[in-house]
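Please look over the sequence and the coordinates first.

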Amino acid sequence: MSAETIEKAIVKKPAEAFLSKRRKKLVTDPLVDENPITIQVLGICSALAVTTQLKPTLVMAISVIFVVAMSNFVISLMRNTIPARVRIIVQLAVVATLVTLVSEVLKAFAYDMYKELSVFVGLIITNCIVMGRLEAFALGNKPYDSVLDGLGSALGYSWIILTVAFFRELWGSGSVFGLPVFDTISGIFGPDFKLATNGLMVSPVGAFIILGLIIWVQRTKTGYVEH
Amino acid sequence: MQQSNAYIITFSVILTVVLGLLLSGTAQVLGPRQQEAIALDKKKQILGAVISGEEISAMSPQEVNQYYESHIGATVVDINGKEVTEKDGVAVSAENVDVAKNYKLPAEDRLYPVFIYHEEGDDSKVKSYILPLYGAGLWDAIWGYLALDTDMNTVGGITMAHAGETPGLGARITTPEVQSRYSGKEIFNESGELVGVEMQKGEGKDYSSEPHKIDGMSGATITGTGVNNMVKSYLSHYKAYIESKKSSQAVAAL
C-alpha cells in the first residue's frame, strides 16, 4: 500500500473557514465518538502506568499533545516527498526526535517530573495513537488539518487519562493535585470521621477498573457496539 | 510513483542529518541546566537520608543548596578507612566521586565518599554519617544513601533511586513507605559482626522486634535481593571506616 492510496479526496474550496465544520469535527470526533482510548483502545499501556497522580499525568498529557500534533504537522509537510517504501521508518525518526526533545526539556526544567515519568515519556514513541494518526491521516492531508486531527486525538487521550488519574489519586492517595482532600474533609467533620484510601487504586489494577467503568458509561450513552 | 533507490537514500541521509543536528543542538543548549538539575537532585538524595522527603520538597532549589552547604561535610576514604585526598596526583572531593564509575573497579581500588551530616555551620557536632550505595536491581542500576547514627550501628534513614525498576513493584524502593522501614534498624549483631539489614521475601509481616530484618516488597523479590546485596556489600566496603569511627567514639566516651 503506498501513501497515495490513503489520500482522501478532499473537496477543494477557494478558502475554507479557519475553523470550518469539517475542521471542528477533526478535533471533536476523537474526544468521544472516535476516542483513541475508549473506542479504539490504543495507548492503554501509558494510561495505566502514569495515572496514579494528576501532576505527572498532566505533564504526560501535554507531552503527548505536543508530540502527536507536531509529528502530524511535520509528516504532513513532507507527505509528498517521503518515499513510500521507507515511510514507516521516516515517521519513527520524526516521532523519536520529538519525543527526545520533550524528554530533554523535561530533564532540564522539571527533573523530578522527568524521573517520575521515566520510561513513559520515551515510550510515547511506541504509543499507537501517534503512528496511527500519521498513517491514517497526516500522510494524506494538509498540514493544518493534520495538526487539528493530532490535537483532537491527543486531547481525546488526555481527558481520559486525566479523568482516570483524578479518581485514582482521590481514592488511592486521598488528594487532588497533591492537595490533601480527604484530610481536609476529616478535619471538618472531626477526628472520628476518617476517609480511608484504597491501595488498589494506586496499583495499575485500579486504572483498569476506572477505565472499564468509563468505557461502560460511554458506550451505554453512545450505544457504540464493537463489530 | 515509485521512487528510485538513489532518491530514497538521499532522502534518508538528509533526514538523518537534519534530525541529528536538531537533537545535538538541543543537548548542547540544555546541557548546563541538566547538569545543575542532576547536581541538585544528588544533594536532595543525600539530604533525603537524614531529613524527610516532605521537608525537602518544600524547599526551593536555593534553600536546598544552602541547607546542604551548612549541614553537610564530606570526606573520601579507601577500603581501609583511610582518608584519601588525592588519587593519581588529582585532588579528590566527595561531590566529584562518581560512585557508579567506581563500582566498575575492584572493591579495593574504589574511592568511597562519606557525607557527614552535622549541626548547622558546626562540623564538629556530627549527627550522622551518610554512605553512598550502588548496585544492581532487576533491570538496571540501583543506588542510594544510607545514614548511620553516630553509634555507627543504628540506621538513621535511607534514600534509594533506580534507573529502570518496574513501576509499582521494584520502583517502590523510592517511596518513603519502603525507605522508612530501614529507620532504627541495626547493622551489627550482638556479637559485633557486621550483618546489615535484610529485606525479607513477602510483604505485610511485622519485623519490628528484629533489628536486622525489614518487611519485603510483594512482587519485587529480585529488586529486594538487589537492594540487600547493595546494602551489604557497601557496608562491608565501609567496614574499616565504620570501625574506626566506632572505636574513636568509644575512646571519647571513656
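Predicted model: local features only at pLDDT ≥ 70, side-chain atom pairs only at ≥ 80, totals over all residues.

Residues are numbered from 1 along each chain as its sequence is written, chains are lettered from A and ligands numbered from 1 in the order in which they are written, and side-chain values use heavy atoms, with hydrogens and water left out.

**Chain A: fold and annotation**

- Chain A has 12 helices and two strands. Helices (H or I, at least four residues) and strands (E, at least two) are DSSP runs, numbered from the N terminus.
- The order along the sequence is α-α-α-α-α-α-α-α-α-β-β-α-α-α.
- The C-alpha trace of chain A spans about 70 × 45 × 35 Å along its principal axes.
- Chain A has 227 residues, and 48% of them count as buried. Buried means under 20% relative accessible area, exposed over 50%, and partly exposed in between (1.4 Å probe, protein chains only).
- Among contacts in chain A with a separation of 6 or more, 75% come from residues 24 or more positions apart. Contact means heavy atoms within 4.5 Å.
- An unreviewed UniProt entry lists residues 58–77, 89–111, 117–134 and 199–217 of chain A as "transmembrane region". UniProt positions are given in the numbering used here, feature names are shortened, and annotations may be inferred rather than shown by experiment.
- Residues 58–77 of chain A are 100% helix and 0% strand, with end C-alpha atoms 28 Å apart.
- Residues 89–111 of chain A are 96% helix and 0% strand, with end C-alpha atoms 30 Å apart.

**Interface of chain B and chain A**

- The contact takes 23 residues from chain B and 24 residues from chain A.
- About 2100 Å² is buried between the two chains, and carbon and sulfur atoms give 66% of this area. Buried area is the accessible area (1.4 Å probe) that two parts lose on being put together, summed over both.
- B:Phe11, B:Leu23 and B:Gln34 supply 22% of the area that chain B buries against chain A, more than any other three residues.
- Two salt bridges cross the interface of chain B and chain A. A salt bridge is a side-chain nitrogen of Lys or Arg within 4 Å of a carboxyl oxygen of Asp or Glu.
- B:Lys44 and A:Asp112 form a salt bridge, at 3.4 Å from N to O.

**Salt bridges within the chains**

- The count over all chains is 12 salt bridges.
- A:Arg22 pairs with A:Asp145, with the closest N and O atoms 2.9 Å apart. A:Arg22 lies in helix α2 (residues 21–28) and A:Asp145 in helix α9 (residues 143–173) of chain A, so the pair ties together parts that are 123 residues apart in sequence.
- A:Arg22 is partly exposed at 30% relative accessible area, whereas A:Asp145 is buried at 3%.
- B:Arg181 is buried at 17% relative accessible area. B:Arg181 forms a salt bridge with B:Glu177 at 3.6 Å, and B:Glu177 is partly exposed at 45%.
- B:Arg181 also meets B:Glu203 in a salt bridge at 2.8 Å, N to O. B:Arg181 lies in the loop between α5 (176–179) and β8 (198–199) of chain B, and B:Glu203 in the loop between β8 and β9 (213–214), 22 residues apart.
- B:Glu203 is partly exposed, at 31%. Shared partners join B:Arg172, B:Glu177, B:Arg181 and B:Glu203 into one salt-bridge network.
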